[in-house]
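Here is a friendly briefing on charged side-chain pairs. Please have a look at the model first, and then we can go through it together.

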Amino acid sequence: MPALPLDELQLTEKDPRTGKLRTLPALHPEIKADRSFVLYRPPPVVRDPALVEEFLERAKFIADDLNWLLALPHDKFWCQVIFDETLQKCLDSYLCYAPRKFDALLDCHPEVNEMQKCLHRSVFLTFLRMSTHKESKDHFITPSVFGEIIYNNFLFDIPKILDLCVLFGKGNGLLLQKMIENIFTWQPSYFSDLDETLPTVLQVFNNILHKCGLQCEGASAEPQKLEERVNVTPGNMPLQELKDIVLYLCDTCTTLWAFLDVFPLACQTFQKHEFCYRLASFYELAIPELESAIKKRHYEDNSVFADLWRRISHSRKKMIEAFHVLINQVCLQPILESSCENIQPFIEEFLQIFTSVLQERRFLRDYDELFPVEDDVSLLQQASSTLDETRTAYILQAVESAWEGVDRKKAQVVKDPTPPATSNGASAIAESTAEDVEELGAAYASEDECAGAAAAPIAKVSGVELDSLISQVKDLLPDLGEGFILACLEEYSYNAEQVINNILEDKLVPYLDKLDRTMQRQLKPDPTPLVTSRHNVFQNDEFDVFSRDSVDVSRIQKGKRREKDTTRSLLNDKRLVAEQKERYSQYSVIVEEIPVQPGEAQLYKEDYEDEYDDTYDGNQVGANDADSDDELISRRPFTIPQVLRPKGQEEGQEEEEEDDEEEEEEAEKERTKDHFVQDPAVLRERAEARRLAYLARKGHKHDSSAVVGNVKGHGQNRETVQERRKKEANKSMRANHNRRVMADRKRNKGMIPS
């Protein structure tokens, strides 16, 4: 008989109160054992015997309880997991407070380290069993019901999964990946939860920028109150606040990278929120500011500086690696696995992502140092023959421009092989803390520029640039001599950050350790004389005493040269006048004075020699015009308004004015009247011709002669009816055509004030 799944299994047992047999489902609260799990507390910071004893006792309780839980049968284990709230609180407390490998290294007691490793293993095995729906062919849960159980009872959620990745990802990558894939496979609602969680993750970046006084791309544009505007920068904020920000950033970046590295299927959900662009923008804004603040701050204890520098370097590396995981899973991996017909959308996604981050020069330079963009573009060129060469060339050119003014170094990226997981899943859980420290220290040693050793030799630095590098190291480590600093710079390719990091870590090469750290710098004499090595714009000219033995001293003038010419001599100088006369004489423009004989002098004196032009004096312009009033000042006769006229004079005066106007009009007509009587028919034809010409100039082509039509009673044709209808419809357009005349008449009568 096949075994039933746990969710369908029924158990028959005796009721302890009544003593009768009863049937209960296998997953029932009454089956849960009464056991209280204590909360986890982190190891003590100092070696206080009381604190150590307290931690060991608490940790032993938790480890014993978890070992008891793991030894339970399948049905009782799931009843305890589902219905015991103290168990869930205990596991949550461990995920929250368990020390991460990037936390401050504690000098713990050996028993504390041993107990911590034992507890670490038990917690991982508990979560591993909780994520397994089938332990054997007889002990299993229906997959769909399993998904509902872990989701509805909050056995797993997105924050827990992130903590699991960062705590147990090292050495347990394969087990953890299978475990998380099992959770997301049987409960797809976790993808929706992840999609809703990502805005909160992005808000973390915005909060860090806000604390640093920086402005992010996606921040809201809400107005800020004046009293809230405080100029806080990483350089002037308190040291404790700076340490909190760096630790917060390190924890966030490491957790995100660990999750993406363990569960790459989440990359598509991340990219829906433009995570690559937001990550690069945050990197460009925050990392340089935080690095500058850490370098320039004065520390009483150099270990604080070393710890901050390790954390910010670790954060940089994890952000770049997270970006690479996204690029690899969203774009490159599908191209390698797909056919030629399906790779075009992935290529377009790759080009769009890198086009959006080209403005982030620092991020682009650091990413290209660890993961060369040229290699990815080369992969695209091999995979597709229709690749847009213009866009790829533009991206590569932007990457090259990001390296301008910076020594280009290529990192030798070697990915450590993941050690195989043992059958009990505790291969890396039992690793020593010393191995964690060693690996983390090795990563930090190469993280100051997000790279390892330089692949190409660096040009020798000298002069002002070398002095600047020496002063940069001496500002942070003033007890070192310039000679010792120079030797370190020469060893580490003139990389000041790497020199500082290795000195603080005591990781200098052996021959540097043997040198005197107060050794002063010995200036080497320049074998080239200063005179022969000089270069300027006056070199080798006629006055260069360093390149010639004899110089014409007479051509040397000291001070301002004084001219001997006076004002009178300048006025008497007629050379320019003579030159002009000679020039114009060739065109016969200038005529020399005619010599006059003694007897002809009187004749020339009687000539009229003024220069007045009387050519048009004979024309009397305007003399014969009739005198008339100026039209600009002439006005109509003044009229008293009717309201102000005395009684009895309104009508009479108005009639008199009208009579005067009529008499003036008749007199004007008499003056202009032509007494020759022409043929009326000819006059009508001329008037009609003028009217038609006027209408033609106005663009009016309508002939309204059809409106007249035939004699009444004889019927009208269709054209006449249409024209009459148009006239009836449009006659209002030409109504009141004498409006201006009537307005003038009202004004003359005094009805409208002028």
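Which residue forms a salt bridge with Arg35? The partner is Asp65, with the closest N and O atoms 3.0 Å apart. A salt bridge here is a side-chain nitrogen of Lys or Arg within 4 Å of a carboxyl oxygen of Asp or Glu, and by this rule the count comes to 20.

This is a predicted model, where local features need pLDDT of at least 70 and side-chain atom pairs count only at pLDDT 80 or more, while totals for chains, interfaces and linings use all residues. Residues are numbered from 1 along each chain as its sequence is written, and side-chain values use heavy atoms, leaving out hydrogens and water.

**Pairs linking distant parts of the chain**

- Arg35 lies in the loop between strand S2 (21–25) and helix H1 (49–70), and Asp65 sits in helix H1, 30 residues apart (helices, H or I of at least four residues, and strands, E of at least two, are DSSP runs numbered from the N terminus).
- Asp65 is buried at 9% relative accessible area, whereas Arg35 is partly exposed at 32% (buried means under 20%, exposed over 50%, partly exposed in between, with a 1.4 Å probe and protein chains only).
- Arg521 forms a salt bridge with Asp467, their closest N and O atoms being 2.7 Å apart.
- This pair joins the loop between helix H21 (510–513) and helix H22 (530–533), which holds Arg521, to Asp467 in helix H18 (residues 464–476), 54 residues apart.

- Lys117 and Glu114 form a salt bridge at 3.6 Å between the closest N and O atoms.
- Both lie in helix H4 (residues 110–130), three residues apart, about one turn of the helix.

**A network**

- Salt bridges link Glu291, Arg316, Arg362 and Asp366 in a network.
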